[in-house]
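Good morning. I have one structure to go through today, and I will start with the contact between its chains. Please have a look at it first.

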2 protein chains.
Amino acid sequence: MKEYVVGVDLGGTKILTAIADLEGNILARVRKDTEAQKGKDAVIQKIKDTIYEVVEKVDLDLSQVKGIGLGVPGPVNIKEGSIKHTPNLDLDNVNIVEELKDLGIAVFLENDANAAALGEKWFGAGKEAENMIYVTISTGIGGGIIINKEIFHGAGDAAGEIGHMTILPDSEIKCGCGNYGCWEAIASGTALSRMGREAVEAGEETLIGDLVTDSSEINGEVIAKAFEKDDKLAKEILDRLASYIGIGMANLINIFNPDTIVVGGGVSYSWSLIEDGVTSEINKRAMSSLTNNVEVVLAELGSDVGVLGAVATALSEVKLEI
Amino acid sequence: MKEYVVGVDLGGTKILTAIADLEGNILARVRKDTEAQKGKDAVIQKIKDTIYEVVEKVDLDLSQVKGIGLGVPGPVNIKEGSIKHTPNLDLDNVNIVEELKDLGIAVFLENDANAAALGEKWFGAGKEAENMIYVTISTGIGGGIIINKEIFHGAGDAAGEIGHMTILPDSEIKCGCGNYGCWEAIASGTALSRMGREAVEAGEETLIGDLVTDSSEINGEVIAKAFEKDDKLAKEILDRLASYIGIGMANLINIFNPDTIVVGGGVSYSWSLIEDGVTSEINKRAMSSLTNNVEVVLAELGSDVGVLGAVATALSEVKLEI
């Protein structure tokens, strides 16, 4: 009897579930609103419903599902099978693997950044990678570390907090984590918006302010638009962002000697505006024996990365080679 | 017939060789001057001589040696068995494993920082560690990364260049690697001496200058002496060093979520002067969920770390549990 895996991408607003064969071909998908406000039990039931539905959609029996990968937005305890904390879901300290036990299928838990890394490794830009860092740059900066084709979890399943590397120790820019000068505080989408906003509010000469009705609307898209209109300050801001992104990447290259860095998240849509700056900073700061052997590539899965990452989590746990 | 391993610590000035049983008990040692000026062939012959001698010393036969660990001061290509570069030896691009083939014993090559990490893991401060970073702070800063009890080599056997993390991107302090503001440039023993020298040369109020006849003699020991005499500036300099060391360690903790950081090298002798500063910087900058689960401990092997590291390299390659 042919065997399959299911991936569940549990998000604060939606649950995306897919079923795949062991070659990694996606056969069907289901999408439901999470409705987190209905509470823990309702969310758990909804996860189960998406699994039943997706299996039914392809006329299979639940017994043919060999494993379920579950990606959650927050830190997890993999050995216990529990969620430590999720910002938008009522699932803190819930043993989700235990809660899904009545499905009778092995459930493999992973945080969403690690699942995304696995997704890019199995289905996306990292297919050939053995030692890969997945860097996702959006409102924050997250990461997943793949060593010898597997996620490196660290001693307490919390490895990969690359966004909290200190890059500017003397900076006054406070990070959400409480520290100052973290990579995420100075090189994320949020940081880009902040640089634009501060320039406009300081009255610097730029088109950025003309493109919005209020400085609170300034974001990466607006700054990119100003850049396309040859705005000098927009270029300066993007160069600074590129430089900060490059410093963090150079650090990761010097530390890990990876073969591949995959860049995902919102910043990938403006990659062409910063790629040269990032590369030049990497070449300035990472050792040439290492930069010669690493490829920095864009993520390929876009908004699919969550659910494909969950599928990849299941696939890699059942230790099958596509 | 009982089996053994040999470890060879090849240094620029001396070769230290030891033989151990598979439980890791050191049975005998041999030490010879490298006499690097005599050239490649003489050095290779001398390596062999130390191996013959150490085996003879315990009345064993070469055939009882199951593996030889060889630690070299510089980057290596483990798959090929070759040395990429050594600063003080005429062995660049030499396939040392091939050169030692006539011994008829498997030779396992490792760079000295990784070998030292393995030494501390098998014989020293990291015995209980599974995910450990060995940080050696002397004239430079080097490292060895242990993941799941084994050295992580990276894609090109060059992982662990932690000393070249950029910590102060805007710094004008140039590192030997060509980059500015590397961890090694600002937080090593060399950096400590430089801070002391610069303060004295700038005419700042301090005893440091009184303890030497020329400012070029200022080093960590002198600064520590001034500190013990309640010199305020010496304390400031040591605090700055501690803070820089702590920033780099916090980054490693956030990235790796290690269970143990082992601190070796010359700085370990002044550890009591900086430990509080290092710890406080780590707590400021690393995530508390991670700092709660990591132990920062001093290396235990001292000047033995090289040869014991070479023995550990052989032991861990023959995949035996002590």
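The contact takes 34 residues from chain B and 34 residues from chain A; two residues are in contact if their C-beta atoms, placed from the backbone, lie within 7 Å. On the side of chain B that touches chain A, the elements giving two or more residues are α7 (232-256), α8 (271-285) and α9 (288-291) of chain B. The most comes from α7(B), with 6 residues. By class, that side of chain B has 18 nonpolar, 11 polar and 5 charged residues. Here Ala, Val, Leu, Ile, Met, Phe, Trp, Tyr, Cys and Pro count as nonpolar, Asp, Glu, Lys and Arg as charged, and the others, Gly among them, as polar.

Before I go on, some housekeeping. This is a predicted model: local features need pLDDT of at least 70, side-chain atom pairs count only at pLDDT 80 or more, and totals for chains, interfaces and linings use all residues. Residues are numbered from 1 along each chain as its sequence is written, and chains are lettered from A and ligands numbered from 1 in the order in which they are written.

Now chain A. It has 10 helices and 12 strands, where helices (H or I, at least four residues) and strands (E, at least two) are DSSP runs, numbered from the N terminus. Along the principal axes, the C-alpha atoms of chain A fill a box of roughly 65 × 45 × 35 Å. Of its 322 residues, 54% count as buried. Buried means 20 or more other C-beta atoms within 10 Å of the residue's own, exposed means 12 or fewer, and partly exposed is in between, with C-beta atoms placed from the backbone. Among contacts in chain A with a separation of 6 or more, 64% come from residues 24 or more positions apart.

Next, helix α6 of chain A, residues 220-228. Which of its residues are buried? They are Gly220(A), Val222(A), Ile223(A), Ala226(A) and Phe227(A). These residues cover an arc of only 165° around the axis, so they are on the same side of α6(A); the arc is that of the directions from the helix axis to the C-beta atoms. Their cover includes α5 (189-201), α7 (232-256) and α8 (271-285) of chain A. After α6(A) comes Asp230(A), with a positive phi near 65°.

Last, Trp271(B), in helix α8 of chain B. Trp271(B) counts as partly exposed because it has 16 C-beta neighbours inside 10 Å. Leaving aside neighbours within four places in sequence, Trp271(B) is in contact with Val263(B) and Leu298(B).
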